[in-house]
Amino acid sequence: MSAAEFIIRPNSACNDGSWRWVFASLVVVAAAIAIRFAALGLWMIVPFTLAEILALGVGLWVMLHRSYTEKVLVGDEVVEIRHLQKGANRVWQLPRRRTQVKICDRQSHPGGRWYPCRLILGHAGQWVEIGRCLTDPERRSLARALRAAGIGS
């Protein structure tokens, strides 16, 4: 069986550098509006604009630093799952032939239809959830692709 690699990451319209330009342009526009209102005597706009810019900056920073990538490497003997995140990389290794691929559907969850299904890989009590950023149809498709790559067969 040849090796297969699956890369899972959340969708992102911009890379790290593009977000800087978006943030800078929003800061310039907000500052220009606040300066204009301050010149008209409505100076109380300025602190709220600064708070808005700070909140936007913190939100973008959190979003960029919480992004991650998952790599599932299917080798001849081992399935290696790598969760790559800034400052928190984790690696799991499972035997390929004994690893199970499970989809936990909504019906098995006490909350019912409000919860997404989960895609988990595991062997002998060690279970790893992958594909949290995927939609339910994408998780099912990934599960089929993992089974086709020889996991659990």
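Visitor: In β2, which residue is the bridge partner of glutamate 5?
Guide: Happy to start there, and do keep in mind that this is a predicted model. Strand β1 covers residues 4–8, and β1 pairs with β2, residues 68–74, in the antiparallel sense over 5 bridges. Within β2, the bridge partner of glutamate 5 is leucine 73.

Visitor: Which strands stand at the edges of the open sheet of 4 strands?
Guide: The open sheet runs in the order β1-β2-β3-β4, with antiparallel pairing. β1 and β4 (90–95) each have a single partner strand, so one side of each is left without a neighbour in the sheet. The strands at the edges are therefore β1 and β4.

Visitor: What does the twist average from one strand to the next?
Guide: Here we stay with the open sheet, whose pairing is antiparallel. From one strand to the next, the twist averages 15 degrees.

Visitor: Which strand gives the largest share of the lining of the second largest pocket?
Guide: Let's look at this pocket, which holds about 250 Å³ of space. Its lining has 13 residues, and those closest to the centre are Glu70, His83, Arg90, Glu129 and Arg132. At least two lining residues come from each of β2, β3 (78–85), β4 and β7 (126–130). The largest share, 4 residues, comes from β7.

Visitor: How many residues in the lining of the second largest pocket are charged?
Guide: Good one to ask, with Glu70 and Arg90 among the residues closest to the pocket centre. The lining also includes 6 nonpolar and 2 polar residues. The number of charged residues is 5.

Notes
Residues numbered from 1 in each chain as written. Predicted model: local features only at pLDDT ≥ 70, side-chain atom pairs only at ≥ 80, totals over all residues. Heavy atoms only, no water. Pairing = 2+ DSSP bridges. Axes fitted to C-alpha atoms, helices over the stretch in contact; angles between N-to-C directions. 1 Å grid on protein atoms, 1.4 Å probe; cavity = no way out; pocket = protein on both sides within 12 Å on 5 of 7 lines; lining within 4 Å. Points joined across faces, edges and corners; volume = space filled by probe spheres on them. Nonpolar A, V, L, I, M, F, W, Y, C, P; charged D, E, K, R; others polar.
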